[in-house]
Every structure is written in C-alpha cells, then in structure tokens.
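This report is a first walk through one protein chain. Please look over the sequence and the structure before reading on.

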Amino acid sequence: MASHQDKGYAAAGRHMRQQPQRSHRFRWLALAVVASLVFVLGLGGFVFLRLQNNVQTAALNLGEKTAELENGALDILVIGSDTRAGANADYGDESDRQSAARSDVMMLVQVSKDRKRITSLSFPRDLMVDIPQCTDTETDTVYPATEDTQINESLSRGGPGCTVATISKITGVNIDHFMLVDFNAVKSLSQVVGGVQVCVTQEIDDSYSGLKLPAGISTVEGEQALSFLRSRHGFGDGSDTGRIQAQQGFMAALLRKVQAEGTLTNPGMLLNIAEAITQNVTVDEGLTNVRTLAGMGAVFGQVDLGKVVFATVPTEPYELDTNKLQLSTEASTVFKKLRNDESLIEPAPEPEAASEEKSAETPATEEIVYQTLIEVNVLNASGADNREEHIVKLVESLDYSAVSGSESDIEYAASSISYPYGFEAEAQQIAEKLGITAVAPSGVATAIEIIIGTDFAEGDVLGQSATEIAGGATGQTADQVTCQQSFSY
C-alpha cells in the first residue's frame, strides 16, 4: 500500500485486448477481498482497536462537491490498489517497486436505508469518463478537470479522494466513505477463512497470473486466491469485464461461507480477520467511527443473500478506441436506482403474462433482425447424451437458420451465453427462450455461443430462478452459485 510519503499514484492501466499480450507489469487485484472488507471491518470494538493501531486515513473527497444527494443509504467506494512498495515488494521488479499505486479496482457498495439490501457496482478500470478538478490536501496541488480520461487515472490526482469525486460525479451518488486496499489482503483473508470455493468451466493455466485450476470446483486461498482474482487471460473473452464477473462469483462464495460457518459471531476469528485486513487499508477518517463499523458488520452478518447484488456498470466499446469502454445509455437507469435507494433486481414478471408478452412482441421487435445472419453454436457440456440436438431445435424455433451443436469432453457446472457486440437483442431472445441468465458480450466472439451445463441436463427451460438486473447490467446475487466461463491459456 502506498504511504502518504510515496503517494504519487500512477495513472497507467492496461487496455482491453482481443488477444492476450505480455505487459511489463502485472495488474494485481484485490476485488473480492476488498468487497468483504466492508462487512468484516465492522464487527465490534476489538476491530475498532485494530483500526486505531493499523489503519491509515486520507481525505474523503478532493473534488469540487456539488449539492449532496442524501437518501439515507450508506455508500462506500472500495478501491483496489496494486502498489508493490513495502510489504508488496515481492510482486514485480525494481521499476515496479518505484512506481506508485493505481486504482485497478473501483466498486461502489451501497447498503440500503432499511439495511436489508446491499448492492455492489463495479467500474472497469478501462472505462473512459470525465474526471473533475481535484486538489491534493497535503500538497495543495490542483489537478484540472479532464474529459474522456481512463477512470483509473483518478487515483494519481491526489489520492483516493479524487476517485471518490469522479464516481460521485458519474453516478450522482453522494459517497459517504472509501476504502483503499492493497492486494496483500487477499492472501491473508482467504487463509483466515480457510479458503474460498470457486468453479471454472475449463482448465486454466495462466502463466501471467500463475493461476492453475482444473475444470470444475476448487478451493483457493493465499497466493492461489490472489491469482484467481487478478487473472484476466483465463476468464470470459480475456478482458477486464470477464475478470470482474469471476471476482463477483468469488465474493458471493466468500459471503456464503462466512455466513454459513458463523464467522461473524466468532470473536477469535474476527480478531484474526481484523488484523489481516487493517494492516493493508487506507480509509477516510469517518470510517474509523466504531458505531458506523459495528452497524455495517451487523448488516452483512444478517442480510438475506438473495438481496446482495454484485453487478457491473453497463458499458459498450469506446467510440474512439474499441480496446477501451464507455458507459452505455442503460447506465443511467442503474445510477438512478442507486440515487433513489432502490434494488437493482428487476421483479420477475408473472409466468403467464411473460409468455403472452413474448408471443405478442417478438415478431414485431425491430432489433431482432439477424436470425439468418448470425451463427449460433451450442456446446453440450451437460453430461447428457445428444443434449445439444434438443437445444438446437429450440433455438431454430426462433427462426435462427445457422445453428450447430457439438459435445464437450468435459462437463461444465453452469450454462451460459456469450455473444459478439451488436447482437445483444438476439442473445437475450435466446436466453429468454432457454431460461439462461448468465449472458455477456465478448470482444472476440464471432457467433452466439451457448454452453449447456449440468444445471440444464434436461427440459426446455433452465430450472433456476432468474435474476434480472436493472439496465441489463451483468451480475449475480450472493445466493447464486455460479461457474465462471473460462478457457485454457
């Protein structure tokens, strides 16, 4: 973690690429553990003592704040730092150690006013945004406002308070607190809880991050947990959005484990967690308030897992550089819900009404016009013989003419759909037909790819409850057990 003395936060960030490429410096992430900090730090007076002794503080907001939008919700910006100074010196060479930290992880966590819902909204580091004017409170350096700037450059403009100002400006949400955490916390926390269970659809051998996992379910901790969180070459299409989805699955699994094993009611375990985390965190002064922390801990320890949402802000390729991202128009829907202290989970329609609506609207939907132009590939990874033949017929019933099927040599735990940018309407139409909720764009896909997992070994519709997120944002709830779409690299 960068100290106040070596602060000079760096601005560089790796762009999305269609093909993995070697970089001089690795991007280290602590997203899953960073998210868990929000609840493990707020668990009683002994945690407060650890904060007093270990934690560093910094200014909350370095921008020119506009009128605050108070809605009663508690909003915390969690920032993952990739510093390799001090205790993190083993990660990188001398030039890495001399460079300053970057905000490679940005996640807005909102606890509802009634303390019954939690929303975690992730912002990809390659997102192009407008950064407001920020003033470093220690040096009085004024950083002018800039337009169309990569969002992770905000940390280099005086520290985490500028990242707070940037995301507050984007969302219109008044952010109450922040946490800046380095990746060493990942190893410590994952070891304290005895490892976290993860699932991948294919074997991963990522020489960049060091992640090696067999297909299926594994338990990761320590260095392996860190590798899982920072690997981008093994998930989705190799972009930051694919990695974020894997990290969200990790966070959901971590929260399920902590609640199931009673960790939040075990004082000895809480002491170990507090010690592991607070040595690697910088927070605003207000977050060291024991009443705030204790209240947060109580919420995370008792919240209904079905009301904890991990989502990624809706994006699209940046118009001037497709290796970067920009907010899509749907993002405004997500931000409005946060400002109004509303859940991002869209209520599911009544089954009969949904069926009638679909039959009435599908023929007239102007966006769905490429059934005869886009290829659809069905991969049977369910373990059921000839399962792909049945799914192919279901897709063809939607008037898709180029549909093919094949069988996988290994079984996948979860069904999913990926699609090329520009074919979201078609992918969503197929997803609704099959009941598959894991749907995501891919920068390298040339066809709509359907993976049929063991969760969909029979029937016409996947027998799991659908969770639709506002604005078409990708994500999941904490009670959903997911298997990450992966590839061998």
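The sections below go from the whole chain to selected strands, helices and serine residues.

## The chain as a whole

The model described here is predicted. Its protein chain contains 13 helices and 25 strands. Of the 489 residues in the chain, 54% are buried. The chain exposes about 19800 Å², and 46% of this area is supplied by carbon and sulfur atoms.

Residues 24 or more positions apart account for 75% of them.

## Strand E4 and its two partners

Strand E4 covers residues 118-123. Six of its six residues are buried, so the strand is largely enclosed by the rest of the structure. In a regular strand the side chains alternate between the two faces of the sheet. In E4, Ile118, Ser120 and Ser122 point one way, while Thr119, Leu121 and Phe123 point the other way. The residues of both sets are buried.

E4 pairs with strand E3 (residues 103-111) in the antiparallel sense, over six bridges. Here Val109 stands opposite Ser120 of E4. The two strands form a hairpin, with six residues between them. In the turn, Arg115 has a positive phi of about 60°. E4 is also joined to strand E15 (residues 308-312), this time by five bridges and with the strands running parallel. In that pairing, Ile118 stands opposite Val308 of E15.

## Strands E10 and E13

Strand E10 spans residues 196-200 and is mostly covered, with four of its five residues buried. Its pairing with strand E13 (residues 216-220) is antiparallel and runs over five bridges. Within this pair, Val196 has Val220 of E13 as its bridge partner.

## Helices H6 and H7

Two packed helices are described by the angle between their axes and the distance between the axes. For helix H6 (residues 223-230) and helix H7 (residues 240-260), the axes come within 8 Å and cross at roughly 135°. The two helices are therefore oblique to each other.

On the H6 side the contact is made by Ala225, Phe228, Leu229 and Arg230. H7 contributes Arg243, Ala246, Gln247 and Phe250. By class, the contact has five nonpolar, one polar and two charged residues.

Strands of a sheet pair through backbone hydrogen bonds, either parallel or antiparallel.

Inside the order, strand E21 (residues 416-420) and strand E23 (residues 448-452) run antiparallel and are joined by three bridges. Ser418 stands opposite Glu449 of E23.

Ser397 is partly exposed, with a relative accessible area of 43%. Its C-alpha atom is separated by 9.7 Å from that of Lys433, a residue 36 positions away along the chain.

Ser416 lies in strand E21. At 8% relative accessibility, Ser416 counts as buried. Leaving out residues up to four places away in sequence, Ser416 touches Ile436, Ala438, Glu449, Ile450, Ile451 and Gln485.

Ser168 lies in helix H4 (residues 160-171). Is Ser168 buried or exposed? Buried means under 20% relative accessible area, and Ser168 counts as buried at 19% relative accessibility. Setting aside neighbours within four places in sequence, Ser168 is in contact with Val173, Asn174 and Ile175.

Methods. Residues numbered from 1 in each chain as written. Predicted model: local features only at pLDDT ≥ 70, side-chain atom pairs only at ≥ 80, totals over all residues. Heavy atoms only, no water. Axes fitted to C-alpha atoms, helices over the stretch in contact; angles between N-to-C directions. Parallel < 35°, antiparallel > 145°, perpendicular 65-115°, else oblique. Contact = heavy atoms within 4.5 Å. Nonpolar A, V, L, I, M, F, W, Y, C, P; charged D, E, K, R; others polar. Buried < 20%, exposed > 50% of the residue type's maximum accessible area, 1.4 Å probe, protein only. Areas by Shrake-Rupley, 256 points an atom, 1.4 Å probe, with all protein chains shown as cover. Pairing = 2+ DSSP bridges.
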